[in-house]
Amino acid sequence: MKLTKKVWGTTKAGETVYRYTLSNKNGMSVDICNLGCSILSIIVPDKNGVSTDVALAYNSSSDYERNPASFGCVVGRYGNRIKGGRFSFGGKTWQLEQNEGNNHLHGASGAYARRFWPVSEESEERLTFRLESPDGDGGYPGDLTSCVSYSLSEDNGLSISYHITTETEAFCNLTNHCYFNLSGHGAGNILDHEVFIAADAITEVDAESIPTGALLPISGTALDFNHPKPIGQDIESGHPQLVFGGGYDHNYVLKKTDGVNASAWSPKSGILMEVFTNSPGLQFYTANGLEERNAGKDSAQYSKRGGLCMETQFFPDSINQPTFPSCVVTKDAPQDLCTTFRFSIR
């Protein structure tokens, strides 16, 4: 892996924002910046050898101090939703900001996604960002140190590793919120993309997209991706869960496997993206909330279903659901998670 960097801008607080480029010998490159550890581009060759940028993004560093669509960033301290923004922890009841109706989403106004992450390591092996978060930050209990590392392999695998520690006790759910369009970031909707997800259930949600606590079997339903199918095949099927989300916006309970956990393929470009993770869940989101005002890089206009997200994660609202995998971090039990997005041609 080769790593280069250049100055990309300055935050309102005066911090210098760098644009880092990871590249390999196969013509793949990935650009990342300090604001939200955000992925700015993922360039891979398509079936004709044409370099294709498959990541939706904004043009300037100032856009990432707002980033209303959460393009490419690391969301937290808790990615996804917490019911009512309310939970019990350490013998106390806590109330977080409610920024999506009655609920808390992606850290709200204190989101990690819009913060400046200093770099703690730059090498030919990895690029690591480090964020210190004190007890009470964003309304959350416990101190937290988050290290997010990016590396690029010679077989076109982009790996994102999360190492989360605390000196007290806390909980955390970080994930990367990259929107992918494997036909090219400004190529229109992703309804023709064929998707595979190795999961037999989702965490069932209510009309506010909050888990009910039940694991809903999906075999043979519109939510089943155990056999690859185009996103557009069932997205308007009228399944109640799809009506609630306005499309796919669901946490898939991943099967335990040593192989591929999920994949997406564009018949236009021939680009295949395979996902490997040790996280228990994957939020599959089809950009149902994107609107034309989301003007992107290179004069692209991103609209509804103009990208897809595969956010590897703990389950939504897990802090309120004792049967879900625990996202609690202690001094003796840090979090160590890794997700790899591997690109090839099919």
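A pocket here is an open set of points on a 1 Å grid over the protein atoms alone, where a 1.4 Å probe fits, with protein on both sides within 12 Å along at least five of seven lines; lining residues have an atom within 4 Å of a point. The model is predicted, and local features need pLDDT of at least 70, while side-chain atom pairs count only at pLDDT 80 or more and totals for chains, interfaces and linings use all residues. Residues are numbered from 1 along each chain as its sequence is written, and side-chain values use heavy atoms, without hydrogens and water.

About 170 Å³ of space lies in this second pocket, a volume being the space filled by probe spheres set on grid points joined across faces, edges and corners. For the largest pocket the figure is about 610 Å³. Its lining counts 29 residues, with Pro 68, Ala 69, Ser 70, Leu 105 and His 106 lying nearest the centre.

Turning to the strands (DSSP runs of E, at least two residues, numbered from the N terminus), nine of them form an open sheet in the order S11-S12-S13-S14-S29-S23-S22-S17-S20, with antiparallel pairing. Strands S11 (119-122) and S20 (229-230) sit at the edges with a single partner strand each, so one side of each has no neighbour in the sheet. Pairing takes at least two DSSP bridges between two strands; S22 (residues 262-265) and S23 (residues 271-277) are joined by four. Ala 262, for instance, has Val 275 in S23 as its bridge partner.
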